[in-house]
Amino acid sequence: MADRRLGLIMHGVTGRMGYNQHLVRSILAIRDQGGVALSNGDRLVVDPIIVGRDADKIERLAKKHNIARWSSDLDAVLANPEDTVFFDAGTTLMRASLIEKALAAGKHVYCEKPTSDSLEIAVNLAKTARASGLKHGVVQDKLFLPGLMKLKMLRDSGFFGKILSVRGEFGYWVFEGDWQPAQRPSWNYRKADGGGIILDMLCHWRYVLDNLFGEVQAVSCLGATHIPERVDEKGNRYKADTDDAAYATFELEGGVVAQINSSWTTRVRRDDLVTFHVDGTHGSAVAGLHKCWSQHRVNTPKPVWNPDQPQTMNFFGDWEEVPDNWPAQNGFKAQWEMFLKHVAEDAPWEYGLEAGAKGVQLAELGLKSWAERRWLDVPKLEF
């Protein structure tokens, strides 16, 4: 048994997602647990260096979390052969060029999605990574949520029979920034900065649908900018010129129909911030981030429509919770450990930059569908 060091360059960790999910709850958690166990008994020990343009902010972050190495000079960091993996959770508009630079420097790459706001660029990025022979991956965190893992278990067990439809509801009210501070950054609502919920969320829905319910074959999407003016982090009003809600329908292989609403302008009255309701011939299930409830056909009640009297049936009470039969951990951390094993010992990995391009493809088609007000087929990408 031996410790194997892995030098890890982390860019974009001062932002909300990069800091909370990737730095603190993933890489620092892996560091503090003593690394990742490999198949031969060795342990892979991560040695991160955090990089950002604001030297003072990066230095404070490093001191707060006892991170020995930090820098504001990305080119110098990429030139160090002792650091072999590059990670980016910065802005969408910068991501492709950063990944290209890291690949050119001989680094394995792992990044947040979307990989670009352009399908052409995203496909070329995947092709470049493939040709390099380096390891590459894109965050697909929702596949590692306990609730969706339970849906996968139900599917694999044959619980649903033939899956008929999937209905997803995602979102919450993001405050406008005037009388209460917004809980999402202002760039999310500016097109020039890579904002928009279609670009953000349809990338997620692509890998969720493809992996759990069937390859996406066609899309019809309607976007909306419900709140046209917001207030930024400095108290300045600005025009919100991109979509803050999306109402999309997807045709999946096997005849499955999926409908997913994504909104930053909705108030939540459901089990979680995101829920997926799956109906099949033999059973149905509803999953949130962590919990999942199921109803088999033999336990399905027989409602009768009667608008003349109040409803007497307790529909929520007719569902049974799927138990937690395995220990749950942070989904980002779980995928990080998979990628690190992929780098260290070529462990199985399915979420390369090709998956990132597929997400960008669906987002681009969703925006086009909205603009042209029509259904669009989703062609197979060639890499």
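**Helices H1, H2 and H8 in a predicted model**

Helix H1 and helix H8, the latter made of residues 331-345, pack with their axes 9 Å apart and at an angle of about 60°. The model described here is predicted, and this briefing looks at that helix pair and then at helix H2, which spans residues 55-64.

**How H1 and H8 pack**

- Angles from 65 to 115 degrees count as roughly perpendicular and those under 35 degrees as roughly parallel, and with an angle of about 60° the helices H1 and H8 are therefore oblique to each other.
- Seen as a crossing, H1 passes H8 in a right-handed sense.
- On the H1 side, the residues that meet H8 are Met17, Gln21, His22, Arg25, Ser26, Ile27, Ala29 and Ile30, while H8 contributes Phe332, Lys333, Trp336, Glu337 and Leu340.

**The two sides of H2**

- In H2, the buried residues are Ile58, Leu61 and Ala62, and because they cover an arc of only 100° around the axis, they lie on the same side of H2.
- Arg60, Lys63 and Lys64, by contrast, are exposed on the other side of this helix.
- The partners against which the buried residues of H2 pack are helix H1 (16-32), strand S3 (43-51) and strand S4 (69-71).

**The ends of H2**

- At the N-terminal end, H2 is capped by Asp54, which has a side-chain oxygen 3.2 Å from the backbone nitrogen of Asp56.
- After H2 comes Asn66, a residue whose phi is positive, near 55°.

Notes: Residues numbered from 1 in each chain as written. Predicted model: local features only at pLDDT ≥ 70, side-chain atom pairs only at ≥ 80, totals over all residues. Heavy atoms only, no water. Buried < 20%, exposed > 50% of the residue type's maximum accessible area, 1.4 Å probe, protein only. Helix = DSSP H or I, 4+ residues; strand = E, 2+ residues; numbered from the N terminus. Arc of directions from axis to C-beta. Contact = heavy atoms within 4.5 Å. Polar contact = N/O pair within 3.5 Å; in protein donor to acceptor, adjacent residues only side chain to side chain. Axes fitted to C-alpha atoms, helices over the stretch in contact; angles between N-to-C directions. Parallel < 35°, antiparallel > 145°, perpendicular 65-115°, else oblique. Left-handed = near helix turned anticlockwise from the far one by under 90°.
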